[in-house]
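Biologist: I am new to this one. Could you show me how to read it, feature by feature?

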Amino acid sequence: MAARRIAQSSVNWAALAERVPQNQKTNLTAFKSMSDKYLRSVMANPETPPKLDWAFYQKNVPVAGMVDKFQKAYEALQVPYPADNVTSQVEAQEKQVHEEISKFVKVSEGRITDYQSQIAALKALLPFDQMTMEDYRDAYPDQALDAINRPSFWPHNPEEQEVGAPNAEPHH
């Protein structure tokens, strides 16, 4: 029974408070106060019930057999402790979540390296205000104007381009 006794709250309230959104802080505070009140009420009671002086009651209770009957019933009383049938499920779920987190971290690290290489490529580019048209064509060949291979006419949208031009879309 001593192993089941609550020594202190096993909840790390500081770590939990860091994860709770600001608009839920009052609910967390109320929940913590209820939890602390329950813990105090449990700790106020002794771990084992007090021993009864059955000899005292034998002498002072005039009804024969009543104290023996109560003593047998009292000693036979067993308060059932609920069986733990969910810890294995919680541990399995925790293991699954840790695996999902590991996969997410690996995928995220891959994305981070991709994004860092994209940032490095953008930082290596010449600033747009210092670029010439040739620099822009070299950096973005698919977007640069190419008057010979892909002529474009004002207003430079696909609907206004000549039919038959290499990059023009047909009129509908």
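Modeller: Let's begin with contacts, meaning heavy atoms within 4.5 Å. Among the contacts in the chain with a separation of 6 or more, 26% join residues 24 or more positions apart. This is a predicted model: local features need pLDDT of at least 70, side-chain atom pairs count only at pLDDT 80 or more, and totals for chains, interfaces and linings use all residues. Residues are numbered from 1 along each chain as its sequence is written, and side-chain values use heavy atoms, with hydrogens and water left out.

Biologist: How many helices and strands does the chain have?

Modeller: Helices (H or I, at least four residues) and strands (E, at least two) are DSSP runs, numbered from the N terminus. Here there are 6 helices and 0 strands, giving the pattern α-α-α-α-α-α along the sequence.

Biologist: What share of the 172 residues is buried?

Modeller: Buried means under 20% relative accessible area, exposed over 50%, and partly exposed in between (1.4 Å probe, protein chains only). In this chain, buried residues make up 8% of the 172.

Biologist: And how do I read a salt bridge?

Modeller: Side chains of opposite charge can pair when their charged atoms come close. The rule asks for a side-chain nitrogen of Lys or Arg within 4 Å of a carboxyl oxygen of Asp or Glu. That gives 2 salt bridges. One joins aspartate 36 to lysine 32, with the closest N and O atoms 2.7 Å apart. Both residues sit in helix 2, 4 residues apart, or about one turn of the helix. Lysine 32 is partly exposed, at 31% relative accessible area. Another links aspartate 138 and arginine 137 at 3.4 Å, N to O. Aspartate 138 is exposed because its relative accessible area is 55%, while arginine 137, at 42%, counts as partly exposed.

Biologist: How many aromatic pairs does the structure hold?

Modeller: Rings of Phe, Tyr and Trp (its six-membered ring) pair if their centres lie within 6.5 Å; planes under 30 degrees apart count as stacked, over 60 as edge-to-face and the rest as tilted. The structure holds 6 such pairs. One of them, phenylalanine 128 with tyrosine 140, is stacked, at 6.1 Å centre to centre and 15° between the planes. This pair links distant parts of the chain, 12 residues apart: phenylalanine 128 is in the loop between helix 5 (87-124) and helix 6 (133-139), and tyrosine 140 is in the segment after helix 6. Tyrosine 136 and tyrosine 140 form a tilted pair, at 5.2 Å and 40°.

Biologist: Which residues form one aromatic cluster?

Modeller: Trp54, Phe56, Tyr57 and Tyr74 do.
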